[in-house]
Structures are given as structure tokens and as C-alpha cells.
Amino acid sequence: MRLSPPSRLSRLSSTVIMGFLLLTAPAFAADVYSFIVDQQGGTAFSSKDGIVIDDSAIKGTVVLEGRKYRAELAPDPDSPRPYQAVISKDGGEHEIALNLQSHTFYEPPAATLTSSLLHLFPVGDGTVSNVKLDTVEAPAPETVAGIQARRHEIRLSYDITIVLPPPGGAPGVPKGRSETVRGKVKVDAIYWLAEGRTPALPRLLRPEISTGFAEIDPRLAAAIAALQGIPVKQQVTITTEGDQSTEPQTSVRTAVLQNHKTQESKASLFEIPSGFKRHEPEMARPGMGALPPR
């Protein structure tokens with residue numbers, strides 16, 4: 001039996017139906033969380049790394065869609081941070097900081113340290129020894145901020161030796177001797193992970209720890225990469241102590257994701273807005289913020 005070709009009306013009907021199906025297809029829903037990051041102790045301000053960590057709570061909202069994200073920080077007139085939002089389209093391999101007030105953007109480099117306490121002194125040549133790294137997983141989940149999450153703990157400790165160069169003397173005066181400072185560093189990082197796909201997060205919310213030492217960081221990275229799930233809460237405590245009258249110091253950093261919801265997102269949310277110009281901020285000293293664009 002010979003089949004007749006489809007009529008123009010039937011072809012038109014098929015096109016209309018297909019267009020209707022495309023229009024009514026469900027939009028991809030992004031995950032939205034409010035967050036709060038609280039840093040106590042271990043104040044760091046680094047123009048080289050482009051990071052600002054101050055003794056204050058950082059609040060905001062983050063939108064996660066696959067490998068894309070956008071985090072917007074709540075207004076804080078006392079903050080030295082030179083941006084109000086960060087975006088990425090490649091899972092954070094490249095992160096763009098947006099200054100929504102001056103309509104500028106820049107790409108801050110990844111910080112080499114996640115806390116100033118991970119070096120007893122910011123200068124000198126340091127070596128580490130007696131490195132111990134353990135991981136512990138709770139046998140059962142617990143409720144954290146109304147969400148069932150399993151507790152994971154990474155415990156790190158190491159000894160550090162730093163040689164401080166001799167201080168520069170006045171003209172004609174011989175320099176003094178170099179000093180050797182020895183100390184201990186301990187890190188207790190606790191993560192509560194909810195079930196689900198591990199999301200790409202802004203650097204501000206990632207469970208990463210960097211000490212700056214090649215003998216430690218690859219092992220730390222492997223331990224953190226093994227954490228699968230949504231980090232609804234993180235608590236990282238770092239303690240340092242040393243000789244040469246070095247005062248013991250402690251920092252505690254807590255990050256919480258909460259108030260989860262889903263909503264439709266637009267592609268423009270993860271793009272640099274039209275009219276924004278590139279500007280590398282010049283960091284001022286702590287408490288003074290960034291210098292304005294020239």
C-alpha cells in the first residue's frame with residue numbers, strides 16, 4: 001500500500017505541537033541557599049592573594065546551577081572587601097568578583113593560604129615535619145539546621161621550623177644573626193554533609209584548606225576531595241604555638257548553608273553585566289578597604 005505524503009496542515013500541526021512542547025518544557029531549577037560565614041581570630045589581609053578575612057560575619061545568598069554559581073554578599077559598610085558578588089561558569093576554575101557599586105570586575109587569584117595562622121610568621125623559610133593526617137566519619141547522620149547530615153572530621157597536625165633573616169642594621173653596623181623559630185600547628189576541620197550531588201561552590205564556601213606546604217597540601221586535597229555531598233555546615237579550628245615568646249593563637253571559621261529552595265535562573269545571572277569594566281583593586285591596610293578605581 002502506497003502512503004500519501006503528509007498534508008501541509010498536518011506538517012503545520014506538528015510544528016505547532018513541537019513548539020508548544022518546547023515552550024512548556026520545565027526550566028532548569030537552580031538551588032538557592034542563604035549562607036553565613038563567621039571568622040574569629042586569625043585575621044588576614046593579603047593584597048597578593050586578593051583575599052580579605054576579618055573578624056566578622058559574612059552573610060549572603062548563593063545560587064547554584066550545575067557548574068555555574070553566583071554569590072551575593074549582604075551589605076556591610078564596615079567590610080574591607082572590594083566586591084559584593086562573585087560569579088563563575090566553570091565550577092570555580094575562574095571566579096569573577098563584581099563590584100556592583102562601581103560597575104567594575106576583576107579575577108582574584110586563589111589564595112595560597114586559608115588562614116594566616118598556618119604560618120607562624122609571614123616571612124622566612126619554613127619547613128615542616130612530623131605531619132599527621134587522620135579522617136573520621138560518624139557512623140550515623142545527625143540533624144544540622146533541620147537537615148540530616150553526616151559528620152566528617154579531618155585532623156591535621158605538624159611541626160614547623162622557620163628561619164628568620166637577620167634584621168637590617170644601620171650603615172656601618174653589622175647585621176645580627178638569623179633566628180630559628182619552632183612551633184606546632186593543629187587543624188581540626190569538621191564538615192556536616194547532606195546527601196546529594198557535591199555542588200560547585202564559591203571559594204568563600206568551599207571546604208578547602210591550604211597550608212602553603214607541598215608536603216601537606218596534596219594529602220589535604222585528597223582528603224577533602226573524598227567528601228561527597230552538600231556541606232551544610234563547616235567548622236575549621238586552627239591553633240598554633242611556638243617558642244621565642246610566640247603567643248599561642250586560635251582561629252575558628254564556621255560556614256553554614258541554610259534555607260534551601262529552588263528557583264528558575266537566567267543565564268545573565270552568571271555573566272559579567274554589560275558596561276562593567278575590568279579594575280584590579282589596590283588593597284589598603286586592614287580596616288581601610290580597597291582604594292577606589294582611578
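Gln258 has its place in strand β14. Helices (H or I, at least four residues) and strands (E, at least two) are DSSP runs, numbered from the N terminus. This is a predicted model, in which local features need pLDDT of at least 70, side-chain atom pairs count only at pLDDT 80 or more, and totals for chains, interfaces and linings use all residues. Residues are numbered from 1 along each chain as its sequence is written, and side-chain values use heavy atoms, with hydrogens and water left out.

**Around Gln258**

Gln258 is partly exposed, at a relative accessible area of 30%. The classes are buried under 20%, exposed over 50%, and partly exposed in between (1.4 Å probe, protein chains only). Setting aside neighbours within four places in sequence, Gln258 is in contact with Tyr33, Ser34 and Ile36. Contact means heavy atoms within 4.5 Å. From C-alpha to C-alpha, Gln258 and Ser34 are 5.5 Å apart in space but 224 residues apart in sequence.

**Strand pairing**

Two strands pair if DSSP finds at least two bridges between them.

| Strand | Partner | Bridges | Residues placed opposite each other |
| β1 (residues 29–40) | β14 (residues 249–264) | eleven | Ala29 and Glu264 |
| β13 (residues 230–242) | β14 (residues 249–264) | eight | Lys233 and Val256 |

Strand β14 in turn pairs antiparallel with β13. Strands β4 and β5 form a hairpin with two residues between them. In that turn, Gly66 has a positive phi of about 65°.

Gln39 also belongs to β1. Gln39 is buried, with a relative accessible area of 5%. A polar atom of the Gln39 side chain lies 2.7 Å from the backbone oxygen of Gly41. A polar contact is a pair of N or O atoms within 3.5 Å; within protein, one must be able to donate a hydrogen and the other to accept it, and residues adjacent in sequence count only if both atoms are side-chain atoms.

**Rings**

Lys233 lies over the face of Trp192, 5.0 Å from the ring centre. The test asks for NZ of Lys or CZ of Arg within 6 Å of the ring centre and within 35 degrees of the ring normal.

How many aromatic pairs does the structure hold? It holds one. The ring centres of Tyr158 and Phe213 are 6.2 Å apart and the planes meet at 70°, so the pair is edge-to-face. Rings of Phe, Tyr and Trp (its six-membered ring) pair if their centres lie within 6.5 Å; planes under 30 degrees apart count as stacked, over 60 as edge-to-face and the rest as tilted. Tyr158 lies in β11 (residues 147–164) and Phe213 in the loop between β12 (179–194) and α2 (217–225), so the pair ties together parts 55 residues apart in sequence. Tyr158 is buried at 1% relative accessibility. Phe213 is buried at 8%.

**Whole protein**

The secondary structure comes to two helices and 15 strands. Of the 294 residues, 38% are buried. Among contacts with a separation of 6 or more, 66% are between residues 24 or more positions apart. The protein exposes about 17400 Å², with carbon and sulfur atoms supplying 54% of it. Accessible areas come from the Shrake-Rupley method with a 1.4 Å probe; for residues, only the protein chains shown count as cover.
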